[in-house]
Amino acid sequence: MFSRDTLHLWILAGALALVGVGFFTVRGLTIPPSFGQFGHYRGAALQTATDKERKLTTRGDCAACHETLKHEMGKSHAAVHCIECHGEGKDHMTACKTAKAAAKPGDKVSCDKTNLMPTDIKSICLHCHQQMVGRATKHPQINFPEHMKDNDPKDPKSPMVCMQCHVPHDPSEEPSDDKDDEAKPAEAATPTAAPAAATPAAGGAE
Amino acid sequence: MSCCDNKGGKDTCCETKEAPVGLLDANESRREFIWDAVKNFTFGALTLTAIPIFVEKADAEEVHTNSDGKEVKGHTVLFGYLVDTTKCIGCGGCMLACKKENDVPDGEFRTWVERYVYYKDGSVRVDANTKGTFAFTELPPIDPKEVDKAFFVPKLCNHCLDTPCIQVCPVGASYKTKEGVVLVDYEQCIGCAYCVQACPFGTRFINTKTNTADKCTWCYHRIQHGEKPACVDVCPTGTRTFGDINDPESEISKTLAANRIDVLKSYLGTRPKTRYIGLTAEVV
Amino acid sequence: MTHQAAEFIFPNDMSGVAWTVMIVLYPYITGLVAGAFVVAALYHVFGRKELAPVARFALAASFSFCAFATLPLLLHLHQPQRAFFIMFMPNFTSAMAGFGFIYSFYLTLLAVEILLVFRSDIVAMAAGTGIKSLLYKVLSLGVLRETAKSKQIDAKWIHALSVIGIPAACVLHGYVGFIFGGIKANPWWSTALMPVIFLASAIVSGIAMLIVLYVVYSKVRGVKVDDECLRSMMKTLWLFLILAVTLESLELLNMAYEAGEEWHILSRLVTEKLRFTFLYVQLIIGSAIPFVLLLIGWMKKTSPRTRITLGTISGLLVLVQVLAMRFNVVIGGQMLSKSFRGFVQYVPEWYGREGILVAMGVFTLPFILLIAVTQILPVWKIDAHDH
């Protein structure tokens, strides 16, 4: 096999073998340690995927403090996530955390409610309740001008017009005079709240 | 098309020929056996060089938290997703939530909503709002008098049991977790886009921010902490349900058991775990 | 389907096709590699002695194109710095995972075969001093001793490498076809014929390129074109062209005849979106016309002068045909939205990493290398070896 006549072939083979060794060396250094831990992928990727930041306010986030609200919500709106109408309320949650930390046990904690109350409830309501081809017929839908004509509210121009007849948390219920639901949210809201509230679903389109 | 059923919490989707119970496991282990043989043959020599590839699979019994917040021990969690198209109102909240939660660039979609409109003249038109708040109310109105029927179909990754996308990934950047969630490893992906070609559902795309393949993760970072995916959480109508389909007591299992269930493009045999109620033949 | 559905593409398709002109170029280049090698193998293995004038050149051409086959892929990858993951952590369920190994094997095989085929000349030229002889000393692997025995051993290896190279070329290119043919999500790609079609068109493109380059080089060198060699190449090209076009048409015919669910959209793809590149360029300009020209060209009665003209024209047309075929497969397939209800907009990009200008630049590189190789090695010398 090995002779002076095959020397060049052996050199060639040696060079190729060297490339091969180089390949496996670099390969060994490149492969992440967790590769193949659970299957043909990087095991550490699972942790990275799990640890990704949760951005959107969850129902659980709201319920952590507002458990009782759940019972207040009428059947038809029980499935609607708070952030759909109230926005994400990140400032509210931060403020609450600080306030609670500062408060003595037994104190009544009052949290900042800026930007929480919608100023244009009409567009929020219509977002889901405007009559549209494709929506299930059993889903309550209105043609707004006709609906105004049929029901003749006190102030049809108001962006909060819907609340003159409907309670947002429980639309099946008639608004009662003593609670004065209509006025309160408008007071609480600052003018800057308008754009945030006007964008309905998921609170704050960006 | 309808060949999915859910009996006793065990997943039996599109498996009419074989035994329904524990079939998934049987299939997986058979495949793994063959695969191990191939690996041993191919890389037998390499293991001698002590390269940390193909080490023994860790298969420790773990405690999972299912989507209903319950701790589940003993049985394997298999996540599934159900879309009840009869409930969707096309508000686009899911798309907006997904975009925000997952930082999805404009013009790229982990989930979207289609509208199928059947006109009286026999034509079917499909549209989708891919801009703004994604709400269909932003689209030009359609005269209800011209329409026989119309409905919305939310779409997302099907997290198939037999995934064409993982099959074609050349570097192991696409993988399936033990809970059946199909994920992309953004640090491993070379961006060849073969998976984008292989997905029959158009759910994969090249993310222009990360320059890798991307797709719906069922919000893995939320479900691993007992939360629901963002789209499910914000859906105001209960169109989207998510949960453990191996747990017969979960909400999704009960709904799956009680309804006629369909999957998309079942003829391709990918066995999607995203299931549907209320599809028609025109929905692909 | 009971209803006719109007245009709708999946939202993720709105950003255009994921595989661009670079992925058109990649199978085109590997096709030329495989095709050129087949010509060399016809001489070395199948005893087609009349191909002796181009046998060495075919090897050099095959190598030059092979050396740049991965460049379009690197330009296409969104994470090119991770390119080697495909060899370090290959997922063998993927048709793509074998690429790195098949490609490396083939490039090595070509390099070794070239070093052996040209060894006598390299050793002779390494004898002198100076920078140029240094290069030959490296190419001679530092062994300047050549005996009758060593030549005999080399000849055996050349033969063996040629023999191995034929299935390897088939694997290299059939495999590219399989990358497309194995995608069940895409009815325009998903056919078992795809690897064979790619292989046939690869051989066609390789022979066509050799015909054109042989004629051009002969003119440049002021050498007479060997009529028997040209005629043989044209005859072989004609044969493989028939095979390639038959397979390509068969695939389409079968889809049209079966007229399954997907034909509704595929028929529109062929007649609307690919009308020019498929019907006109691929089938008429690139197949029907060269078929006639080659037929006239390889007939004995035809004069050598006419043969050169016909060979060059049909060679160029066939090269365009194969490029169009790659385009129609790669881009055409992606024009089909997975909704099967509409077409993805394909806007050719001129500038940018994956643009047409860069692609054209990439495609000139193998030719530059080929010119360099022809300067360094006596590619036009007729091989003395007899197998």
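This is a predicted model: local features need pLDDT of at least 70, side-chain atom pairs count only at pLDDT 80 or more; totals for chains, interfaces and linings use all residues.

Residues are numbered from 1 along each chain as its sequence is written, while chains are lettered from A and ligands numbered from 1 in the order in which they are written.

The secondary structure of chain B comprises seven helices and 14 strands, taken as DSSP runs numbered from the N terminus (H or I, at least four residues, for helices; E, at least two, for strands). Of the contacts in chain B between residues at least 6 apart in sequence, 64% join residues at least 24 apart, a contact being two C-beta atoms, placed from the backbone, within 7 Å.

An open sheet of three strands has the order β13-β5-β14 in chain B, with mixed pairing. Its edges are β13 (240-244) and β14 (274-277) of chain B, each with a single partner strand, so one side of each lacks a neighbour in the sheet. From one strand to the next, the twist averages 25°. Helix α7 (residues 251-258) of chain B packs on the sheet and touches β5, β13 and β14 of chain B, its direction making about 110° with that of β13(B); axes are lines fitted to C-alpha atoms, for helices over the stretch in contact, and angles run from 0 to 180 degrees between N-to-C directions.

| Strand pair | Bridges |
|---|---|
| β5(B) and β13(B) | five bridges |
| β6(B) and β8(B) | nine bridges |
| β6(B) and β7(B) | four bridges |

B:Val83 stands opposite B:Arg240 in β13(B), B:Trp112 has B:Lys155 in β8(B) as its bridge partner, and B:Arg115 has B:Asp127 in β7(B). β6(B) and β7(B) form a hairpin with three residues between them, where B:Gly122 in the turn has a positive phi of about 95°.

At the interface, 43 residues of chain B are in contact with 40 residues of chain C. Elements giving two or more residues to this side of chain B include β6 (111-119) and β7 (123-127) of chain B, and β7(B) provides the largest share, five residues.

Terms used
Two strands pair if DSSP finds at least two bridges between them.
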